[in-house]
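The stops below go from one selection to the next.

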Amino acid sequence: MAWNWESFVFALVAFGILYWLLSKYAFGPLMATMEERRKLIAEQMNSADANRAQAEQMLAEQKQVIQDARKEAYQMIEQAKQTSSKQAEEIVDKAKSEADRVKEEAIREIDSEKNKAVAALRGQVSAMSVMIASKIIEKQVDEKSQEELVNHYLNEVGGQK
């Protein structure tokens, strides 16, 4: 196998011409297409990063909104508890005051009825005392008759109840 310098030079010139033609007509458009593709990919990556950042911001905002809603709901629940406690206390206080009023009224009514009964009883006792005294004066009886007369009138009074 002999080394042929002419073939080598011819191949070298052909390679140079082919490289020049490829760089003028193929590499330029190919490199331009690849550069466009690189720019498009970089743009898409930047857009994806911006979208991701925007999504994270929206997620943080949504979390804050949810947290605020929870706080508000908790405050509403606490306010409802306080309101219901106050209403319960008011109802209990009203019931106690009404019970005290009814009790006082009942006590006054009982005292009034008791006083009426005592007054009526005193009236009856005084009337009976007068009647017994007049009977005793009429009869002028001895002790045994007087005792029978008192027992008789006491039985009458006991039967009138």
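Select glutamate 105 and arginine 101 and show their side chains: they meet in a salt bridge, 3.0 Å from N to O. This is a predicted model. The two residues are 4 apart in helix 1, so about one helical turn separates them. Glutamate 105 counts as partly exposed because its relative accessibility is 39%. Arginine 101, at 42%, counts as partly exposed too.

Side chains of opposite charge can pair when their charged atoms come close.

Next, go to arginine 52 and aspartate 49. Their side chains form a salt bridge at 3.8 Å, N to O. What cut-off does that distance have to meet? The nitrogen must lie within 4 Å of a carboxyl oxygen. Both residues belong to helix 1 and stand 3 residues apart, about one turn of the helix. Arginine 52 is partly exposed, at 48% relative accessibility, and aspartate 49 is partly exposed at 42%.

Asp49, Arg52 and Glu56 are linked in a network of salt bridges. How many salt bridges are there by this rule? The count comes to 7.

Now move to valine 9, which is found in helix 1, a helix that covers residues 5-139. Is valine 9 buried, partly exposed or exposed? Its relative accessibility is 46%, so it counts as partly exposed.

Finally, select the whole protein chain and colour by secondary structure. The chain has 2 helices and 0 strands. Of its 161 residues, 2% count as buried; the cut-off for buried is under 20% relative accessible area. With the surface shown, the chain exposes about 14700 Å², and carbon and sulfur atoms supply 60% of that area.

Technical notes
Residues are numbered from 1 along each chain as its sequence is written. This is a predicted model: local features need pLDDT of at least 70, side-chain atom pairs count only at pLDDT 80 or more; totals for chains, interfaces and linings use all residues. Side-chain values use heavy atoms; hydrogens and water are left out. Buried means under 20% relative accessible area, exposed over 50%, partly exposed in between (1.4 Å probe, protein chains only). Accessible areas come from the Shrake-Rupley method with a 1.4 Å probe; for residues, only the protein chains shown count as cover.
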